Amino acid sequence: MSVGFVMMCHTALDRAAQVARHWAERDCPVVIHVDKRVAKASFDGLREAVKDLHNIRFCGRHKCEWGTWSLVAASQSGSEMMLREFPEVRHVFLSSGSCLPLRPVEELRAYLAARPRTDFIESVTTEDVEWTVDGLHSERFQLRFPFSWKRHRYLFDRYVEFQRNIGFRRKMPDKLVPHLGSQWWCLTRQTLSAILQDPSRKIYDRYFKLVWIPDESYYQTLVRKYSTRIESRSLTLSKFDFQGKPHVFYDDHLHLLRRSDCFVARKIWSKADRLYDTFLTDQDRGTVMAEPAPGKIDRVFAKALERRTRGRAGMYMHSRFPNPNWENGKTCAPYSVFQGFNDLFENFEPWLSRRLGTRVHGNLFDRTRARFAGDGDVYSGCLSASAALRDYNPERFLTSLIWNTRGERQVFQFSPRDKQRIAWFMAEDGNAQISVITGAWAVPLFNANKDFLTIRKQAAHLQKQEVDFIDILRRVQTRAEVRIWSLAEFIEEPMEHLQSILDSMGGPAVGRLTEAPRMVDLTGFGQFLQNLKNQGMNPHMMGDFPVELGGAQPKQDGSRPYLVR
């Protein structure tokens, strides 16, 4: 019983020579196909490196290109030479120049001898395929693909679109059922010769020449016509990432490859000296008949896939950044946003900083500059206070701030006077805690020394800004923890509302409030709102402020709630 290898090579021919020698010296014939685009000097060097081995052949060369018939033609040429030159071969193993044997040849030979009529090839119907990425399923058999996907992408796409528009459909010859699978197979002589010597081969070849990526469907489909026993799996370990690109194995994958118990692995980095030195050395393992078990390492690849596609929460990478909503959490840690509090309370940031024992920022999205804690020009991670730099990408500004200060809760102020683009981002962030006192923006206008016409215009603009922000916070898609009070509602029980916010931020460690920040004097605020109404504006975000009480309802003991300390 013998197994022969057909190797398809186009790069790293020195490594291909090592692997071919390893198999040939252990009585396994090898037929090598070298891409016609490989320079003659490199090709001659490969021939020279293995010329002393009598059981290595070189078949006719084809100019190979991904996704085209040329790859099937190359494997046909190599397989025909294998069957013709080496009649003792009972299984033909298709491999690439970047493949590496993981187990001794004797184990593979014994494994195949115990299964003399079994064909090992992944072969599944188009309805059951889940691994194609950005590809075509049944359409690859129904349409024609005369243009290269890589070199003539525009023509490829336009021709596919044209065929769809006119309803063009091809029919499978002889009612074959299309199947897909990995291009790396191991077939018996009987099955492979039946495929290559079939009287209808010209018909099949003519049809599959216009199929997209035929190396993943030609043998996988025809094997169903001839094989008596198929195990729909490959003996070659080949893993792909979420984009459909093959994983490359490096020296630090040594133990992982050993655990797989697979016979051959692809794709090996050409400079992985440790892997080549280890696996191309005879290993005394005794009689090992372990089944190839690529599933043993699937957990590692699944974890790598998750890290590649999701990453760490709040950490943005090039592989995910261009795609919206691919992030694993918009930010990496909880943070708190206060709107209206520094308008209603005097020196609110210093007071809150003392209560929480942390730094509290001002308005980070102020139109003139970012108001960092301490009013510095640069903050953690060299974040600039420049409004121009911040506004180039405010979402990344905020995520960088949260990431750079991991372990310290970030607290900052927000206002209708600020840049509003960040509002959508914060509302959709599950780490955001947003507390809003609606209408508090009117307090600075109430105390401003400006013409009333100017005040009215500013009030109308700020109210519209706040209405838009509240609408965003009240959407069903909002994931942030949101608390909203009108100004009138909040000043009725300021201590209770502040206590609920601090409890949610710091838990029991915050303790009960014994002092509140000094509230600005609102005497006459109700009349101010009435004056805005008289000028044609409807200031509805503040709640109900009776004119005769200056805007604040008295407590039962007659004291004003904003005088509590």
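**Notes on the model**

1. The residues themselves are Met8, Leu71, Val72, Ser75, Leu94, Gln183, Trp185, Asp215 and Tyr219. Helix 3 (residues 70-85) gives the largest share of that lining, three residues. The volume is about 50 Å³.

2. Before going on, the ground rules. This is a predicted model, in which local features need pLDDT of at least 70 and side-chain atom pairs count only at pLDDT 80 or more, while totals for chains, interfaces and linings use all residues. Numbering runs from 1 along each chain as its sequence is written, and side-chain values use heavy atoms, with hydrogens and water left out. Helices (H or I, at least four residues) and strands (E, at least two) are DSSP runs, numbered from the N terminus.

3. How many cavities of 30 Å³ or more does the structure hold? There are four. A cavity here is a set of points on a 1 Å grid, over the protein atoms alone, where a 1.4 Å probe fits but cannot get out, and lining residues have an atom within 4 Å of a point. Volume is the space filled by probe spheres set on the points, with grid points joined across faces, edges and corners. The second largest cavity has about 50 Å³ of space. Its lining has 10 residues, with His22, Arg103, Pro104, Phe279 and Thr281 nearest the centre. By class that lining is three nonpolar, three polar and four charged.

4. Now look at helix 14 (residues 348-356), where Phe348, Trp351 and Leu352 are buried (under 20% relative accessible area, with exposed over 50% and partly exposed in between, using a 1.4 Å probe and protein chains only). Why do they share a side of helix 14? Because they cover an arc of only 95 degrees around the axis, taken from the directions from the helix axis to the C-beta atoms. As a reminder, an α-helix has 3.6 residues a turn, so residues three or four places apart point the same way. The cover over these buried residues includes strand 13 (335-339), helix 13 (341-344), strand 16 (410-414) and helix 21 (494-506), with contact meaning heavy atoms within 4.5 Å.

5. Please check some backbone geometry. The peptide bond from Arg266 to Lys267 is cis, with omega near 25 degrees. Lys267 sits in the loop between strand 12 (264-265) and helix 11 (273-279).

6. Two residues have a positive phi without being glycine. Asp174, at about 55 degrees, is in the loop between helix 6 (153-166) and strand 8 (179-180). Asp261, at about 60 degrees, is in the loop between helix 10 (254-260) and strand 12. Buried or exposed? Asp174 counts as exposed, at 51% relative accessibility, and Asp261 as buried, at 14%.

7. On to the rings: the whole structure has 38 aromatic pairs. Rings of Phe, Tyr and Trp (its six-membered ring) pair if their centres lie within 6.5 Å; planes under 30 degrees apart count as stacked, over 60 as edge-to-face and the rest as tilted. Among the pairs is Trp69 with Tyr218, which is edge-to-face at 5.4 Å centre to centre and 85 degrees between the planes. This pair links distant parts of the chain, 149 residues apart: Trp69 is in the loop between strand 3 (56-58) and helix 3, and Tyr218 is in helix 9 (residues 218-226). Trp69 counts as buried at 13% relative accessibility, and Tyr218 counts as buried at 0%. Elsewhere, ring pairs join Tyr335, Phe365, Phe372, Tyr379, Phe397, Phe412, Phe414 and Phe469 into a cluster.

8. Last, a couple of distances for orientation. Gly536, in the segment after helix 22 (525-534), counts as exposed at 67% relative accessibility. From Gly536 to Ile434 is 31 Å, C-alpha to C-alpha, and 102 residues in sequence. Asp277 is in helix 11 and counts as partly exposed at 49%. Asp277 and Ile437 are 160 residues apart in sequence and 69 Å apart in space, C-alpha to C-alpha.

Conventions
On a 1 Å grid over the protein atoms alone, a cavity is a set of points where a 1.4 Å probe fits but cannot get out, and a pocket is an open set with protein on both sides within 12 Å along at least five of seven lines; lining residues have an atom within 4 Å of a point. Ala, Val, Leu, Ile, Met, Phe, Trp, Tyr, Cys and Pro count as nonpolar, Asp, Glu, Lys and Arg as charged, and the others, Gly among them, as polar.
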